[in-house]
Amino acid sequence: MTTIRARCSVGRRGASAGLVFAAILLGGCGSQPYSTVRISGTVTYDDGSLIPAKQLFVQFEPQQESIDGRQFPRPGQAQVSTADGTFGAPTTYAPGDGVVAGEHKVVVEALNEHGFPDYSYFPKEYSDPATTPLRIEVGPERTFKLEVPKPR
């Protein structure tokens, strides 16, 4: 976590610079070109049982084209509760803002107790955006049940 501390300066020039700095921090550097939708859901095995990983994450890879050839939609990511398999609103641009509307490839990643990827919980293909068979369409539907096969 980065902490930004600004010094207060006496005088008009210092106050003006402080206001500009605060406006940049609060307003960002411009609006985001893609709107986001808050979603939630569960990630379990295909038989409905919980995945016993130490940590579990889900990432939503947007499949939309660039709007101008330079800006592309960002992926959204959420941590999955290993206690009940649920995830809340993913983060794309700001904490908990959701994901970009439209089609997404869904990546599920399990981590071991040291924070490294652990491919023993389900087939590795589910942890790679190029090979994952999971896809969702974010629009009117905002609650998703994601399932992965148990390892054999």
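Modeller: Relative accessible area under 20% is called buried, over 50% exposed, and anything in between partly exposed (1.4 Å probe, protein chains only). This is a predicted model, in which local features need pLDDT of at least 70, side-chain atom pairs count only at pLDDT 80 or more, and totals for chains, interfaces and linings use all residues. Residues are numbered from 1 along each chain as its sequence is written, and side-chain values use heavy atoms, with hydrogens and water left out.

Biologist: Why is aspartate 68 called partly exposed?

Modeller: Aspartate 68 has 36% relative accessibility, which falls in the middle class, so it counts as partly exposed. Arginine 70 has a relative accessible area of 66%, so it is exposed.

Biologist: What makes arginine 70 and aspartate 68 a salt bridge?

Modeller: Their closest N and O atoms are 3.8 Å apart. The rule asks for a side-chain nitrogen of Lys or Arg within 4 Å of a carboxyl oxygen of Asp or Glu, so the pair qualifies. By this rule the model has four salt bridges.

Biologist: How do you know that aspartate 47 and lysine 150 form a salt bridge?

Modeller: The closest N and O atoms of aspartate 47 and lysine 150 are 3.1 Å apart, and the pair is a salt bridge. Aspartate 47 is in the loop between S2 and S3 and lysine 150 in the segment after S9, so the bridge ties together parts 103 residues apart in sequence. Strands here are DSSP runs of E with at least two residues, numbered from the N terminus. Lysine 150 is partly exposed, at 37% relative accessible area.

Biologist: What makes glutamate 103 and arginine 135 a link between distant parts of the chain?

Modeller: Their side chains meet in a salt bridge at 2.8 Å, N to O. Glutamate 103 is in strand S7 and arginine 135 in strand S8, 32 residues apart. Glutamate 103 has a relative accessible area of 33% and is partly exposed; arginine 135, at 45%, also counts as partly exposed.

Biologist: Why is the pair of phenylalanine 60 and phenylalanine 87 called tilted?

Modeller: The model has one aromatic pair. In it, phenylalanine 60 and phenylalanine 87 are 5.7 Å apart, centre to centre, with 50° between the planes. Rings of Phe, Tyr and Trp (its six-membered ring) pair if their centres lie within 6.5 Å; planes under 30 degrees apart are stacked and over 60 edge-to-face, so the rest are tilted. Phenylalanine 60 is in strand S3 (residues 55-62) and phenylalanine 87 in strand S5 (residues 86-87), 27 residues apart.

Biologist: Are phenylalanine 60 and phenylalanine 87 buried or exposed?

Modeller: Phenylalanine 60 has a relative accessible area of 0%, so it is buried. Phenylalanine 87 has 4%, so it is buried too.

Biologist: How do you know that S3 and S4 pair?

Modeller: S3 and S4 are joined in the antiparallel sense over five bridges, and two strands pair if DSSP finds at least two bridges between them. Phenylalanine 60 stands opposite glycine 76 in S4. S2 and S5 pair over two bridges, also in the antiparallel sense, with threonine 42 opposite threonine 86 in S5.

Biologist: How confident is the predictor in the chain?

Modeller: The chain has a mean pLDDT of 83, with 79% of its residues at 70 or more; pLDDT is the predictor's confidence in each residue, from 0 to 100. Over residues 1-30 pLDDT stays under 50. Where pLDDT is low, predicted coordinates should not be read in detail.

Key:
Helices (H or I, at least four residues) and strands (E, at least two) are DSSP runs, numbered from the N terminus. Contact means heavy atoms within 4.5 Å.
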